[in-house]
Amino acid sequence: MGRIIVVGTGFSGSILARKIAEECDRKVEVIEKRPHIGGNMYDEYDEHGILVQKYGPHFLNTNKYWIIEYLSQYAELFPHDTHLLSFIDGEYVQLPFNFRTMQQLVGAKKSEPLLAKLREKFRGRDRVPIFELVDSDDEEIRAYGNLLFEKAYRTYTAKQWGLQPEEIDKSVLERVPMAMSFDARYLNKDFQYLPKKGYTEIFRNLLDHPNITVTLNTDALAHIRFNDEQHLITYDGDAVELLVFTGNIDELFGLKYGRLPYRSLDIHYTYENKKSILPEEIVSYPQADGYTRSTEYKKITFGLDQDIPVSMIATEYPLEYDPTDEKANIPYYPVLTDDSQKRYKMYLEEADKYGNIVLCGRLAEFKYYNMDVCIEHAFQKFEAIKKRLENKQ
Ligand SMILES: Cc1cc2nc3c(=O)[nH]c(=O)nc-3n(C[C@H](O)[C@H](O)[C@H](O)COP(=O)(O)OP(=O)(O)OC[C@H]3O[C@@H](n4cnc5c(N)ncnc54)[C@H](O)[C@@H]3O)c2cc1C
């Protein structure tokens, strides 16, 4: 039996490490290049006792209750519906865009017939992507779709992705649909939770197993080599039995087909001597210059924080990912375009040449996974890994 190495301590790496250690009773060496575990879900308390998610706000939301049960083994979760506002034309309007937003943007009386039309046209549909409004055969629906598109989607997309909406994969904009109701929950999944003491506790407990060792501050790429004769990947010269890689696939292969584009975030923190700064926990600013949204972490009901006399907002300035730039060296969101998907496939074919590697996660698979999808996907990958390890015994 050879070494089993897992690169990365986000959900993908941590879940796979735990399952291999526990269910296959194998030793797992986990390598992480950052000084902490948890990947982009890492959070920590600041000097005022506010729990800050260092890489942007994360809300656990899923239609699958088993995901909540699974995570509850590792930390206490509490129900939490996320609420956002958008600042458009100098006013706070409802986000998700819903019937209330329509009343706010075009007036309650004026929007009445349109509201009835939308109800009729999209009967039985909870949320509808903006494109369906913009492409509607009904002139009024189309006009409202275009208004929303121009005031919010176009400008937000340009900042968030560095692209015009036409250039980006439709699935990306479909993530921010319009609610066909007055439902004010940002997300419309059945189960919405947050961990009481933060996400980092989940990762700490996941990785706390006698078969797991974690090494931080270590870039695995400095240790990984490719043996093209035997079609194997080695780590420190050892032909490892299994390498689970959850980092950037293009960096693993020395960028031989060019860099896969990611967006990064430069997050600015502003403290004020006030109990409250924003009218909601998150406000998005589609029309602002350079920044997309601000989060007031104190409002993300972590309970104990509420009496703190100061508050803080974290404002996100999107940038192109560049590992050499200290403001933009974390890959946050894969930029899905025709070209980037083509290039990703070339990297995937490269990985297929080696028998001892498993790619998992949003960086290795160049996909925008939400937490619940990421967890479910790691479970699926584990089933294949288990079979493979059992067959070798
Ligand atoms: C700003 C933001 C907000 C989000 N909000 C939500 C939300 O509200 N709800 C939701 O469900 N999902 C949300 N997500 C998605 C969620 O963050 C992901 O599903 C999850 O973090 C993916 O985990 P992962 O393990 O695949 O990747 P990551 O968390 O990126 O983990 C990869 C790990 O690998 C490490 N690594 C990479 N290369 C190397 C190397 N060469 N050597 C060693 N270590 C390496 C990295 O440092 C990192 O720790 C959000 C994502 C972002 C960016």
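Helices and strands are DSSP runs numbered from the N terminus, a strand being E over at least two residues. The model shown in these views is predicted.

**View A. His223 sits in the loop between strand 12 and strand 13.** His223 has 15 C-beta neighbours inside 10 Å and therefore counts as partly exposed. Apart from neighbours within four places in sequence, the contacts of His223 are Tyr235 and Asp236. Tyr235 is 12 residues from His223 in sequence, with a C-alpha to C-alpha separation of 5.3 Å.

View B. The antiparallel pairing of strand 14 (residues 232–235) with strand 15 runs over 2 bridges. Across from Thr234 stands Ala239 of strand 15.

**View C. Strand 12 pairs with strand 2 in the parallel sense.** The pairing of strand 2 (residues 28–31) with strand 12 (residues 212–215) covers 4 bridges. Ile31 has Thr215 of strand 12 as its bridge partner. In a regular strand, side chains alternate between the two faces of the sheet. In strand 12, Ile212 and Val214 make up the covered face, while Thr213 and Thr215 make up the uncovered one.

**View D. Helix 4 crosses helix 6.** Two packed helices are described by the angle and the distance between their axes. For helix 4 (residues 108–121) and helix 6 (residues 139–161), the axes come within 10 Å and the crossing angle is roughly 105 degrees. Helix 4 is therefore roughly perpendicular to helix 6, because angles of 65 to 115 degrees fall in that class. On the helix 4 side, the contact involves Leu114, Lys117, Leu118 and Lys121. These residues meet Glu140, Ile141 and Tyr144 of helix 6. The contact between the two helices comprises 4 nonpolar and 3 charged residues, with no polar ones.

**View E. A shell of 34 residues lies around the ligand.** Gly8, Gly10, Gly39, Gly247 and Gly361 come nearest. Helix 1 (11–23) supplies at least two residues of the shell around the ligand, as does helix 11 (371–392). By class, the shell has 14 nonpolar, 14 polar and 6 charged residues.

Terms used: Residues numbered from 1 in each chain as written. Predicted model: local features only at pLDDT ≥ 70, side-chain atom pairs only at ≥ 80, totals over all residues. Near = placed C-beta within 6 Å. Nonpolar A, V, L, I, M, F, W, Y, C, P; charged D, E, K, R; others polar. Axes fitted to C-alpha atoms, helices over the stretch in contact; angles between N-to-C directions. Parallel < 35°, antiparallel > 145°, perpendicular 65-115°, else oblique. Contact = placed C-beta atoms within 7 Å. Pairing = 2+ DSSP bridges. Buried ≥ 20, exposed ≤ 12 C-beta atoms within 10 Å, placed from the backbone.
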